[in-house]
Each structure stands twice: as C-alpha cells, then as structure tokens.
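Here is a short report on one protein chain. Please keep the sequence and the 3D view open while reading.

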Amino acid sequence: MLRNLILELPVFCRSANNTTVKTSRHYATEATFKIKPYRLHRFQSGPKEKVTLTRDDAIKMYKDMQTIRRIETAAGNLYKEKIVRGFCHLYSGQEACAVGMRQAMRPMDSIISAYRVHGWTYLMGVPVQGVLCELTGRKTGCARGKGGSMHMYAKNFYGGNGIVGAQIPLGAGIALANHYRGDGGVCLALYGDGASNQGQVFEAYNMSYLWNVPCIFVCENNGYGMGTSASRSSSNTDYYTRGDALPGIWVDGMDVLAVREATRFAIDYATKTGPLVMEVFTYRYSGHSMSDPGTSYRTRDEIQEVRQTRDPIMLFKNKITETGLVSEDEIKKYDTEIKKEVDAATVLAKSDSEIELKELTTDIYSANIEPKVRGTHVNQQFPHASLKKAVNL
C-alpha cells in the first residue's frame, strides 16, 4: 500500500518545448503552456501568458472541438444531399473560438451570435441529434424543426440571428438585463468582421459604455466578410481597437487556451468595470455559406496551408499528447466515439418525422390570449373568394 502511494505522488518535470508538466504514475495530470502575446487597446496589462491545463479540461476541450468539426461535416453532407434546405453556414476551422469562450463562461453568463451557430448550440447543452434534426426540419430538433440552421436556441443561448449585426444591440440588451438583476452575469455578443462596419455595432458600443453594461463584444475575424477580404472592406482591420473608449484585446483564435484565458480576463473586466471589445483572429475552411465555394476570392493553397500549420484541433492535439495529458490511443478512442455519435444522429436526422400541421401555429407567443392566431389559416387570411382567386390560391 505504501509503495502504491509513493508511486501516485505528483512529479514535476520540464518537457523539451519548455512546458511544465505535473505527472502521476500513468499520465500527466496538468501542464503549463506559454501563450502567443495578446494585443491590447486601452489596457495596461492583459491576460496570463502562461496558463495551466488539467487533464480533464484537455479531454473535454478536445472532444468538444472534434464533435463540432464532425457536426459541420455531417451538416455539409446533408446539405449536398438536399436534405437540409435553405441556408447553411459552417464553422469548420473556428472551433477553438467557441470552445475556448465556452470553457471560460460561468452558469450566469449568456451568448448571442449570428447564424453560424451549430457548434455553439451543441456547447450550450443541445445534443448532437438536436442540432442535426433541427437542420433537417425534424421534430427532434432543438426548435422542433421550425428554426433550421439559422435559428437555434438553448438556456442562456439567444440563438443565431439572420440579420447582419442585429445581434450586437440585442446582446447589449441581454447584458443590461444582467446589470438590472445584479446577477453578476455577462453577455458575449458575437459577430464577424463582415458585420463590423454596421452602424448599430457602434451604437451598441456607445450605449454600453455610457451605462457600464457588462457586455463583451466579440469579433470573430476570419479575414473575409462573405467574399470580401477585411482589407478591402475596413479602413481599420484592428477590430479590437474599434470600440474607441471601450478597451480591447486581440487573441489568436486558433489557440483554444489563448481564447479561454482572454475570455476569463474579459469576463472579469466586464463584471467589475463594463464593456470591452475582443477580437479572435481565426480562419474558416468553408465559404460564407454552402452556396459559396470559398475559392473564387482565395486560393486552395491558402486554405491548405492553414489546415497544415494552424488547424486548431491539430495544434491542441499536439500540445496535449506531447505533454502526456492524453495519449494517442485515447485520442483515437475519442475520435471513434464521436464519429459513431454523429453518424447515429445523422441517421436520425434523415429518418425522423416532421411536426404535425396543427403544431405550426404554436410557439408564436408563450400564452395566446386569442383562441386563434390571425393569419395562420387560409380562410382567416383571405376571407373572400375573389381575393383567393386574385392571389392564385
């Protein structure tokens, strides 16, 4: 018994890449990594540049990023098979942004984003089948198949929003509610570099600053707004500086640990002081949507280079395996489990039934005052036969 106890005592060592590792008998229990320097605007000091990662967190973060990647691959295939109808915007390549932010969020914190939210929906508590079934319009979907790709919701997750930039003032409003309630929560309001020049973005900055609203305005800068490069659309591409009086921080969005630490720093600041802007510099492999091949305004070589040198999952996998936090065999096991889960959810997304017609008029109000909702039946909307004929019904 004494021998086993001695063998389980933690041991500190330093790896070849100068990373500090704490080990037990069989594996490393935690490791310390150095982060690429942040860029600051109106801050005297920023987040930690040396961060500690536990084995449990490493496993959780890897599995979350890999699951999102698999979900997006499945979503793209379902769209190509014409089972997903309407719009479909993928997140592949940006997984470290969402997972890093989610790791730093507390139970009272909220998030609102644009329409690229399949991964966020999963991170906020919706199972894989709830995401994919929503994409295909089936009843097991998180919004009963009524929302589709662009409108998914969960607790403290105020969904994807289809109007470019509209989620920014909404996010400020959610944070204002946190302020009124005094619950200590903050709201992360996410938008892309393509929405960064919207007037409502700057209006939200201004009001939030004047009212000390605990809002973190997060610009996910992937370098292209639809098919336009950031340098062609913006006079100032340092998006973290564009809050004027609001302080800002730039972080490498391909490093999940850097995003986690920057978000922790931002949450602490927003809670104590007020709003700020955070730019996560990232890259997306797919085009703006499934209808955009993403190769007319950038080369295939550019995309391939990022995949080979900056892929967030690959970078994180290398970190946690080289330091012994997770073994290669464990990685293979997690990958297999995740593939099986997403494959099973894909089968359900194809075979699940749609909601009945009578359910189409539900969920308009939390409690309908009138027994019938005007305009939800043909005879209500067009009461006269002549009007029906005029609109070719």
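## A buried asparagine

N222 is buried, because its relative accessible area is 7%, under the 20% cut-off for that class. The model is predicted. N222 sits in the loop between β9 (215-221) and β10 (224-225).

What does N222 touch, leaving aside residues up to four places away in sequence? Its contacts are Q94, D193, T282, Y283 and R284. There is also a polar atom of the N222 side chain 3.4 Å from the backbone nitrogen of Y224.

## The seven-stranded sheet

Strand β9 belongs to an open sheet of seven strands. The order is β4-β12-β13-β9-β8-β6-β7. Pairing in this sheet is mixed. At the edges lie β4 (39-41) and β7 (157-160), and each of them pairs on one side only. On average, neighbouring strands of the sheet are turned by 20° against each other, direction ignored.

In general, the strands of a sheet pair through backbone hydrogen bonds, in parallel or antiparallel fashion. How do β6 and β8 run, parallel or antiparallel? Strands β6 (residues 110-113) and β8 (residues 187-192) run parallel, and three bridges join them. Across this pair, I111 stands opposite L188 in β8.

## A helix across the strands

Which strands does helix α7 lie across? Helix α7 (residues 199-211) lies across β8, β9 and β13 (276-281). Its direction is at about 150° to β9. In the sheet order, β13, β9 and β8 follow one another.

Helix α5 (residues 128-135) and helix α12 (residues 328-351) form a crossing pair. Their axes come within 8 Å and cross at roughly 35°. The crossing is right-handed.

Which residues meet at this crossing? From α5 come V128, Q129, L132 and C133. On the α12 side they meet E341, V342, A345, T346, L348 and A349.

## The whole protein

The protein has 14 helices and 13 strands. It contains 393 residues, and buried residues make up 48% of them. N222 is one of the buried residues.

As for the surface, the protein exposes about 19600 Å². Carbon and sulfur atoms supply 52% of that area.

Notes:
Residues numbered from 1 in each chain as written. Predicted model: local features only at pLDDT ≥ 70, side-chain atom pairs only at ≥ 80, totals over all residues. Heavy atoms only, no water. Helix = DSSP H or I, 4+ residues; strand = E, 2+ residues; numbered from the N terminus. Buried < 20%, exposed > 50% of the residue type's maximum accessible area, 1.4 Å probe, protein only. Polar contact = N/O pair within 3.5 Å; in protein donor to acceptor, adjacent residues only side chain to side chain. Contact = heavy atoms within 4.5 Å. Pairing = 2+ DSSP bridges. Axes fitted to C-alpha atoms, helices over the stretch in contact; angles between N-to-C directions. Areas by Shrake-Rupley, 256 points an atom, 1.4 Å probe, with all protein chains shown as cover. Left-handed = near helix turned anticlockwise from the far one by under 90°.
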